[in-house]
Amino acid sequence: MSEDYGSVRITDEVIAVCAAKAALDTDGVHSLVSGITDTIQKNILGKSPESRGVKINQSDGEIVIDLFITVEYGVKIPSVAWNIQERVKREVEEMTGMHVIYVNIHVQGIHFEDNGE
């Protein structure tokens, strides 16, 4: 017997925070890079989004995620990107129960280690 009690909608912000955490926990990732909308939100609203550098697109129970990152100098970028894709897909699908179609990685820069000079 199945009864319908209503529906649950997971906001893009919740998915983005989960994706951001998963990406930042991946070896070789230095940071996520804010886009223009995050900069506007910070300057106008005075708040910095926890999901900066993440763009979510949901439709029909499927998710497309775009991540804008900087990587550490010396890492193999294709390997880091693959690891991010695998980790983000797994964690978002486990959290939401929705299907992640794509995790697109946009490498925006390389972070060089500060040597104190």
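Asp25 is partly exposed, with a relative accessible area of 37%; buried means under 20%, exposed over 50% and partly exposed in between (1.4 Å probe, protein chains only). This is a predicted model, in which local features need pLDDT of at least 70 and side-chain atom pairs count only at pLDDT 80 or more, while totals for chains, interfaces and linings use all residues. Residues are numbered from 1 along each chain as its sequence is written, and side-chain values use heavy atoms, without hydrogens and water.

**View 1. Asp25 and Lys21 form a salt bridge.** Their side chains meet at 2.7 Å, N to O. A salt bridge is a side-chain nitrogen of Lys or Arg within 4 Å of a carboxyl oxygen of Asp or Glu. Lys21 is exposed, at 52% relative accessible area. By this rule the count is 3 salt bridges.

**View 2. Helix 3 covers residues 77–96.** Helices (H or I, at least four residues) and strands (E, at least two) are DSSP runs, numbered from the N terminus. Helix 3 has 20 residues and reaches 28 Å from its first C-alpha to its last. That is close to the 28 Å expected at 1.5 Å a residue, taken as 1.5 Å times one less than the number of residues. Gly97 follows the helix, and its phi is positive, near 75 degrees.

**View 3. Helix 3 has a buried face.** Its buried residues are Val80, Ala81, Ile84, Val88, Val92 and Thr96.

View 4. Arg87 and Glu91 meet at 3.5 Å, N to O. Both count as partly exposed, Arg87 at 25% and Glu91 at 25%. Glu93 and Lys89 meet at 2.7 Å, N to O.

**View 5. Asp66 is buried yet has no salt bridge.** This residue is found in strand 3. The nearest side chain of opposite charge, Lys55, is 4.9 Å away; Lys and Arg count as positive, Asp and Glu as negative, and His and the chain ends are not counted. A contact of 2.8 Å between polar atoms joins the side chains of Asp66 and His106.

Conventions:
Arc of directions from axis to C-beta. Polar contact = N/O pair within 3.5 Å; in protein donor to acceptor, adjacent residues only side chain to side chain.
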